Amino acid sequence: MHQDTTTDSPAATHSPAAARGAVAIIANRRGELLLHLRDDLPGVIAWPGHWSVLGGGCDHGEAPAAAIVRELDEEAGLTDIADLTELFEVRDEHGSGQLITFFYAFWDGDETQLPLAEGVKLQFLAPEDLESHTIPPFIRDGINRYLAARPV
């Protein structure tokens with residue numbers, strides 16, 4: 001399992017290798033977004049008990065594009081992602097201070113069939129349902145930025 005260094009956590013380090021992260025906003029044909037409920041392990045993982053998108057920290061010398069491919073496979077066995085596209089970067093100002101590269105991908109599978117290796121569950125959520133979920137501020141900022149720019 002890859003150490004999560006994308007957000008505020010005692011496990012997060014501020015070394016140059018941990019200074020970057022990569023996450024993926026994954027949408028299906030209904031426009032729902034794939035979110036992942038993180039384990040509720042305060043002091044062990046970043047943003048415990050929060051909903052987030054899949055992703056994590058870049059390994060030493062690893063580019064964000066390589067990191068997100070690795071993280072999607074490690075966390076959820078997602079290897080058949082179509083059109084993985086870099087979107088923008090957001091700094092985690094409320095946590096680790098890391099610069100997080102956001103990617104977009106389309107995947108229209110059944111999230112309940114994914115082999116979840118980290119967290120409690122994966123679930124596609126409609127954008128209008130996100131307000132009622134606890135999401136790290138930098139992830140919410142990235143999702144809102146994506147939603148504002150996507151074609152309707």
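**Overview of the model**

The protein exposes about 7300 Å², of which carbon and sulfur atoms supply 52%. The model is a predicted one. Of its 152 residues, 50% count as buried.

**Architecture**

- The protein contains two helices and seven strands, and along the sequence these follow the pattern β-β-β-β-α-β-β-β-α.
- Among the contacts with a separation of 6 or more, 66% are between residues 24 or more positions apart.

**Strand E6 and its partners**

- Strand E6 is mostly covered, with six of its eight residues buried.
- Strand E1, which comprises residues 20-27, pairs with E6 in the parallel sense over eight bridges. Within this part of the model, alanine 27 has phenylalanine 106 of E6 as its bridge partner.
- Strand E5, which comprises residues 82-91, runs antiparallel to E6 and is joined to it by seven bridges. Threonine 85 has tyrosine 104 of E6 as its bridge partner.

**Leucine 99**

- Leucine 99 is located in strand E6, which spans residues 99-106.
- Leucine 99 is classed as buried because its relative accessible area is 18%, and the limit for that class is under 20%.
- Leaving aside residues up to four places away in sequence, leucine 99 touches Ala19, Arg20, Gly21, Glu89, Val90 and Arg91.
- Alanine 19 is 80 residues from leucine 99 along the chain, yet their C-alpha atoms are separated by 6.4 Å.

**Aromatic and charged side chains**

- A search of the whole structure finds three aromatic pairs. One of them is formed by tyrosine 104 and tyrosine 146, which are stacked with 5.6 Å centre to centre and 15° between the planes.
- Because tyrosine 104 belongs to strand E6 and tyrosine 146 to helix H2 (residues 137-149), this pair ties together parts that are 42 residues apart in sequence.
- The two tyrosines fall into separate classes of accessibility: tyrosine 104 counts as partly exposed at 21% relative accessibility, whereas tyrosine 146 is buried, with a relative accessible area of 10%.
- Arginine 145 lies over the face of phenylalanine 88, at 4.1 Å from the ring centre.

Notes:
Residues are numbered from 1 along each chain as its sequence is written. This is a predicted model: local features need pLDDT of at least 70, side-chain atom pairs count only at pLDDT 80 or more; totals for chains, interfaces and linings use all residues. Side-chain values use heavy atoms; hydrogens and water are left out. Helices (H or I, at least four residues) and strands (E, at least two) are DSSP runs, numbered from the N terminus. Buried means under 20% relative accessible area, exposed over 50%, partly exposed in between (1.4 Å probe, protein chains only). Contact means heavy atoms within 4.5 Å. Rings of Phe, Tyr and Trp (its six-membered ring) pair if their centres lie within 6.5 Å; planes under 30 degrees apart count as stacked, over 60 as edge-to-face and the rest as tilted. A charge sits over a ring if NZ of Lys or CZ of Arg is within 6 Å of the ring centre and within 35 degrees of the ring normal. Accessible areas come from the Shrake-Rupley method with a 1.4 Å probe; for residues, only the protein chains shown count as cover. Two strands pair if DSSP finds at least two bridges between them.
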